[in-house]
Amino acid sequence: MKHNPPDLAGIRARHPHLMRPDPTSRLVTIGVVAVMVALAGFALMRLEFSFARLGSGMVQLVTFLGLMVPPSPGAYALLFLHALAETVAIAFLGTLLAALFAFPLGFLAARGVLGGAVLRFITRRFSDTIRGVDTLIWALIWINVVGLGPFAGVLAIMTSDIGSFTKLFSEAIEAVDHKPAEGILSAGGTKLHVLRFGIIPPVLPVLLSQVLYYFESNTRSATIIGIVGAGGIGLHLAEMIRTYEWDRVAFIILMVLVTVALIDFASTRLRLAVAGTRAP
Amino acid sequence: MAIPSHLPQIQVASLLALYDGDVRARRRTLWLALGVLAFCILVAGQVSEIDLPKFLTNFHSFPNYILRIFFLESGAVVFSDVAEWFWGLKKWLLHIGDTLLIAYLGTLIGALGAFYLSFSAAANLAKSPTRRFIARRILEFCRTVPELVFALIFVVAFGLGPVPGVLAIAIHTFGALGKLFAEVVENIDMKPVEGILAGGATRWQAIRFAVVPQVLSNFASYGLLRFEINVRGASVMGFVGAGGIGQELIEAVRKFYYSDISAILLLIIGTVILIDLGTEHIRRRLLSAETGR
């Protein structure tokens, strides 16, 4: 069998735009990459990166890693377990309260359901502003109101999630199929009937699944709000790091990882159950 | 209950009975779920020491606090003397700039690492299941541990300043983007890859010419989204001494410099909203460039 070499010259002539890259797009690519590299170089200088610092830090880090094995709670196993339970409780209550408050706000922020454009605009800006502030900052503010402790953490998680939930809920409500609502209206139903029978049944599983997803991610947030004094395991974690008790640090991190994995597993199962039985 | 219908009464009755049974079963499940929920709320309320009476008696201090941060030391409302309100604008803007640089550098380093590892973590390109398993576990670890925890540890190892902040954000970004990138890679069209491999290319040549062109715009879009999240994250890095505007904010809160709190918060919120709008604009253009091709 004769082997035919590909007719490269012919292919080049027939498909010039494929074989020769477009010079302008190549220039744009080079420009973007150059700007990104230059900015990174500037950032490295401005933020005082140096090989000496990175090197000595790495050596320290390796030492710490060595001291982390084997992880052990020392004499604090019960204390850590209680703090972990507190963390999960903070995440749970914070998520739940946020969902309760965001439920009506989500309807207000959704186009074409309730209220007018003004109300919608106000609700949306409100939720944007809340979301611009990190959970940790909310925790700092709430500590001034209710004092140090897990309750401030619950309120912090609640506040920052009201913003996110309002946005997510309104998007879910806007995405709902309008035909049932039209059907209810044409059969003589009021706006309230539309809400109850045309909108809530299809969106509820979606909202529930978003809430469950946030519960898992809030468990992670709840582990750090203790750093500023808003309850949970974070306080102990920060303390153990600052006092160089590396085996305890490792133990706490492992505990958090296992808890998050368990909640992830449970919430995935629940989400499947919720979406599975109600899906059309 | 009699329902007007063209069906014979007997048939309607049996259908109604079925419907009633179905509704009753669903109600039972609902009540059971609500009961479990109520129990969980009670336990959680106990554990997190919720004290409603104390909350209600103290609640007035929340609006008071929010109001208080909008008044200067002199007692005048902040809007009456903007120059006094933003007295530290130059210093704060520098810190905001540092915060953005921390977020940028952290996102860039994390994204480069995620780019490299995502091909090993994707089911369709991984060299072996073992490598894929290890890659996935590494990514999972990096994104499950909160970045502030990394920051706390790095502050001890690398010293105070923005360096630990950048590294903490980079590690978290690496984990989060690595997962998303791997999912993008798993959804590509495999025909170009098979073609180029059949033509005798190496694995990295196949990735360069058959995979990267398909995934680059999605990668960039996810990277920008992550940058947006990281700006928020970098704004609190200063709470643990890892650089940026957070240091100024936590000092203002702890020392009760009320008007400074509102000024810094407004600067942070403004920056976050501007970055959100900017990245959204670029992402939309990336997506339209993708569909227009």
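**View 1. Lys191(B), which counts as exposed at 62% relative accessibility, and its partner Asp189(B) in a salt bridge.** The model shown here is predicted, and local features are described only where pLDDT is at least 70, side-chain atom pairs count only at pLDDT 80 or more, and totals for chains, interfaces and linings use all residues. Residues are numbered from 1 along each chain as its sequence is written, chains are lettered from A and ligands numbered from 1 in the order in which they are written, and side-chain values use heavy atoms, with hydrogens and water left out. The side chains of Lys191(B) and Asp189(B) meet at 3.9 Å, N to O, in a salt bridge, a term that stands for a side-chain nitrogen of Lys or Arg within 4 Å of a carboxyl oxygen of Asp or Glu. Asp189(B) is partly exposed, with a relative accessibility of 36%; here buried means under 20% relative accessible area, exposed means over 50%, and partly exposed lies in between, with a 1.4 Å probe and protein chains only.

**View 2. A salt bridge between two helices of chain B, made by Glu186(B) and Arg132(B).** The side chains of these two residues meet at 3.7 Å, N to O. Glu186(B) belongs to helix H8 (residues 162-186) and Arg132(B) to helix H6 (residues 129-144), so the pair ties together parts of chain B that are 54 residues apart in sequence. Helices are DSSP runs (H or I, at least four residues), numbered from the N terminus. Both partners are partly exposed, Glu186(B) with a relative accessible area of 28% and Arg132(B) with a relative accessibility of 26%.

**View 3. Salt bridges within chain A, including the pair Lys179(A) and Asp177(A).** In this pair the side chains meet at 3.9 Å, N to O. Lys179(A) is exposed at a relative accessible area of 61%, whereas Asp177(A), at 43%, is partly exposed. Elsewhere in chain A, a network of salt bridges links Arg125(A), Asp128(A) and Arg131(A). Over all chains, the count by this rule is 16 salt bridges.

**View 4. The interface where chain B touches chain A.** Here 58 residues of chain B are in contact with 59 residues of chain A, contact being heavy atoms within 4.5 Å. The size of an interface is often given as the accessible area lost when the parts come together. For chain B and chain A the buried area is about 5300 Å², with 79% of it on carbon and sulfur atoms; this is the accessible area (1.4 Å probe) that the two parts lose on being put together, summed over both. One salt bridge is counted between the two chains, and in it the side chains of Arg46(A) and Asp98(B) meet at 2.7 Å, N to O. On the side of chain B that touches chain A, helix H7 (residues 147-158) gives the most, with eight residues. That side of chain B is made up of 43 nonpolar, seven polar and eight charged residues, where Ala, Val, Leu, Ile, Met, Phe, Trp, Tyr, Cys and Pro count as nonpolar, Asp, Glu, Lys and Arg as charged, and the others, Gly among them, as polar.

View 5. Most residues other than glycine have a negative phi, and most peptide bonds are trans. Glu48(A), in the loop between helix H3 (23-46) and H4, is a residue other than glycine with a positive phi, near 60°, and at 54% relative accessibility it counts as exposed. Tyr244(A) also is not a glycine and has a positive phi of about 60°; this residue is found in the loop between helix H11 (234-242) and helix H12 (246-278).

**View 6. The loop of chain B that holds Gly200(B).** Gly200(B) is found between helix H9 (191-198) and helix H10 (203-234), and with a relative accessible area of 60% it is exposed. The C-alpha atoms of Gly200(B) and Val211(B), which are 11 residues apart along the chain, are separated by 16 Å.
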